[in-house]
Amino acid sequence: MMSTEDEDRAKLLRKPYFTLPGVTGMPPVEEILASMPAEAQHRFESAGDFVRRLAHRVQKWRERLAEDEQPVILALLPNGSAVEVWSVGEDGHSSVVVEGRLEGASCMFISHQASFQVLCYTQKDIDDWANMFARCYEMAGLTREDRVQIAVGYGLWTAGAGFQLGCERFGALAVPVGPGNRDMHCEVMVDLHSTVFCCTASMGLLMAEEIVNRGLKDQVAVTKMIFGAERHSAAMRKKIEEHFGIEESFDIPGLTELYGPGTGLECQKHEGIHYWADYYILEIIDPETLIPVPAGETGEMVVTTLRKEAVPLI
């Protein structure tokens, strides 16, 4: 015998349901797929119908329906599983919270909109992050003989932990100085013969100027720099490289919701960022139609994680 709760649930599941997009007047999935190149269709399907757009749109859509007309809304995960969406709301940190049920268990997705973000990691997530970051060091041409001086924060920011994890996994020597403190950085750089400097773009410029002002250029062994977190111009990069006397520098992207820094890097051709497609899908879409734009056109970047266990992006 089914319980009353099970009977109510069974009735609910017999109603027509919608997979996103489609619930807000967008074209049916079949029409969207028909307009896409065949080789791109699997990427759209695996992207799971953009749950991050669910929050406000679904709420408004449901408000227009009577209580007995409320459909089941399913959001598809990259592995083909379906999350039944129960509720969408905001928490005290201006984050969009989507609650539902996945494979019989309650689940929650959080889309952060505030400057202060709390992200969670499982041990597997940390291991994956370390592996991705180790790839970055390898792509930049580092070896296990390198001494990597890390000049980013080790507090509530993901940068320091990421650079450190990747360095340990790669096998090079980590020199965890942290941000600021120009005197200590100059002293450590000279005394320990650091060969790689990891920092923000502005910190890289600051240290480059310090090296010139203190006459340390001939005493510094840094040959490579990896920097990110901030925009920089070609002129700024050239100045950093010339003042340091380094061979080359590398731009590294980072997104707290996507592990942190280390999810991609320039290669030695410096023609753009390479990203790790076995860990996440990156798509450039038209924000109105949600259809991927042709190569070379501008759109909105959306990310779907493929392996992240805690706070996945869909």
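**View 1. Phe197 is buried, with a relative accessible area of 0%.** Buried here means under 20% relative accessible area, with a 1.4 Å probe and protein chains only. This is a predicted model, where local features need pLDDT of at least 70, side-chain atom pairs count only at pLDDT 80 or more, and totals for chains, interfaces and linings use all residues. Residues are numbered from 1 along each chain as its sequence is written, and side-chain values use heavy atoms, with hydrogens and water left out. Phe197 sits in strand S8; strands (E, at least two residues) and helices (H or I, at least four) are DSSP runs numbered from the N terminus. Set aside the neighbours within four places in sequence, and Phe197 is in contact with Gln149, Ala151, His185, Met189, Met207, Val222, Lys224, Met225, Ile226 and Phe244. Contact means heavy atoms within 4.5 Å. Take Met225: 28 residues away from Phe197 in sequence, yet 4.8 Å away in space, C-alpha to C-alpha.

**View 2. Ile226 belongs to the largest nonpolar core, which has 31 residues.** A nonpolar core is a set of buried Ala, Val, Leu, Ile, Met, Phe, Trp, Tyr and Cys residues joined through side-chain atoms within 4.5 Å. Along with Tyr137, Val148 and Phe163, Ile226 touches the most other members. Two or more residues each come from H5 (123–139), S6 (147–150), H6 (158–170), S8 (196–200), S10 (248–252) and S13 (280–285), and H5 has the largest share, at six. Beyond four places in sequence, the contacts of Ile226 include Tyr137, Phe163, Phe197, Phe250 and Leu265. There's also a second, separate core of 20 residues, with Met189, Val190, Val220 and Val222 among them.

**View 3. Helices H5 and H6 pack at an angle of about 75°, their axes 7 Å apart.** That makes the pair roughly perpendicular, a label for angles of 65 to 115 degrees. The axes are lines fitted to C-alpha atoms, for helices over the stretch in contact, and angles run from 0 to 180 degrees between N-to-C directions. From H5, the residues that meet H6 include Ile126, Trp129, Phe133 and Tyr137; on the H6 side, look for Phe163, Leu165 and Phe170, among others. The contact splits into 11 nonpolar, four polar and three charged residues. Nonpolar takes in Ala, Val, Leu, Ile, Met, Phe, Trp, Tyr, Cys and Pro, charged covers Asp, Glu, Lys and Arg, and the others, Gly among them, are polar.

How values were computed: Buried means under 20% relative accessible area, exposed over 50%, partly exposed in between (1.4 Å probe, protein chains only). Angles under 35 degrees count as roughly parallel, over 145 as roughly antiparallel, 65 to 115 as roughly perpendicular and the rest as oblique.
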